[in-house]
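Here are my notes for you on this structure, point by point. Keep the picture open while you read.

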Amino acid sequence: MTSRQHPAPTEPSDGALLFDFGGTLDADGVRWAVRFHEAYRAAGGSLPLPTFEAHFRRSDAALAELPRIRAMGFRQMVEAQAALLLRLVDDGAALDAGRIADGFHAESLAAVRRNRLLLAALLPRPLGVVSNFTGNLERCLEELELAPLFAVACDSTVIGCCKPDARIFRTALEGLTATAGDAWMVGDNFEADVRPAAALGMRTCWLAPAERPMPADGVATMRAARLSDFLALVA
Ligand SMILES: [Mg+2]
């Protein structure tokens, strides 16, 4: 892990910590499109990532429109997205949506189990989630046994605005009775998580594989290849 400009907190046990969900709590800086693509290829799919990702974005939009989406937990949502994806992807192969969902889900659970223990060790420090989600973030956190750890969970669909809008971060900070200057935001999407939080005066940690380049017009941020690296630092 490398640090740029922002110092490590001088009082490591103080201050609120806000986390993105997808790619942050369920994977080390790898976005869902990439992880779904890996599961799709493992199940026999042949499309390259750029082609697949266009379909994935459409499946994201379709997922958000499902009438039952707000009631879905994590497993059910992953299954629904895998089924939507296979309806959109036409690569000539007869693929099993269940197998794709199983692969994605198993990998997510492994990351969540590891992160759950590390996050629990930070309590009673105020922890929150800020996510561009589909109205069922709370249900997903409950299913993954993460809900008890987070005093605040801001779901963009519920709040009515998405990252990078500053309002969703302010809502989370207010929920934790925290000020931006005393809080961290941790996430894998530089433009949605890091840049807007830094603009509010929060310390930030960009979760990204070491080889991923910083945007040319990036802001000062810590970066970590694994969430566990960051959590060990602030523990
Ligand atoms: Mg993310």
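1. Start with helix 4, where Ile100, Ala101, Gly103, Phe104, Ser108, Ala111, Asn115 and Leu119 are buried. Buried means 20 or more other C-beta atoms within 10 Å of the residue's own, exposed means 12 or fewer, and partly exposed is in between, with C-beta atoms placed from the backbone. Helices (H or I, at least four residues) and strands (E, at least two) are DSSP runs numbered from the N terminus.

2. Before going on, remember that this is a predicted model: local features need pLDDT of at least 70, side-chain atom pairs count only at pLDDT 80 or more, and totals for chains, interfaces and linings use all residues. Residue numbers run from 1 along each chain as its sequence is written.

3. Helix 4 covers residues 97-120, 24 residues in all, and reaches 33 Å from its first C-alpha to its last. That is close to the 34 Å expected at 1.5 Å a residue (the expected span is 1.5 Å times one less than the number of residues).

4. What sits over those buried residues of helix 4? The cover includes helix 1 (32-42), helix 3 (74-88), strand 2 (127-131) and helix 9 (227-234). Contact here means C-beta atoms, placed from the backbone, within 7 Å.

5. Now look at helix 1 against helix 4: their axes come within 8 Å and cross at roughly 130°. Axes are lines fitted to C-alpha atoms, for helices over the stretch in contact, and angles run from 0 to 180 degrees between N-to-C directions. The two helices are therefore oblique to each other (under 35 degrees is roughly parallel, over 145 roughly antiparallel, 65 to 115 roughly perpendicular, the rest oblique). Arg35, Phe36, Ala39, Tyr40 and Ala42 of helix 1 meet Ile100, Gly103, Phe104 and Glu107 of helix 4.

6. Helix 1 also meets helix 2 (49-65), with axes that come within 10 Å and cross at roughly 115°. That makes helix 1 roughly perpendicular to helix 2. The contact is between Ala33, Val34, Phe36, His37 and Tyr40 of helix 1 and Leu49, Phe52, Glu53 and Phe56 of helix 2.

7. Helix 3 has buried residues too, among them Phe74, Met77 and Val78. Their cover includes helix 1, helix 2, helix 4 and helix 5 (137-143).

8. Last, find Thr177 in the loop between helix 7 (166-175) and strand 4 (184-187). Is Thr177 buried or exposed? Thr177 counts as exposed because it has 10 C-beta neighbours inside 10 Å.

Technical notes. Contact = placed C-beta atoms within 7 Å.
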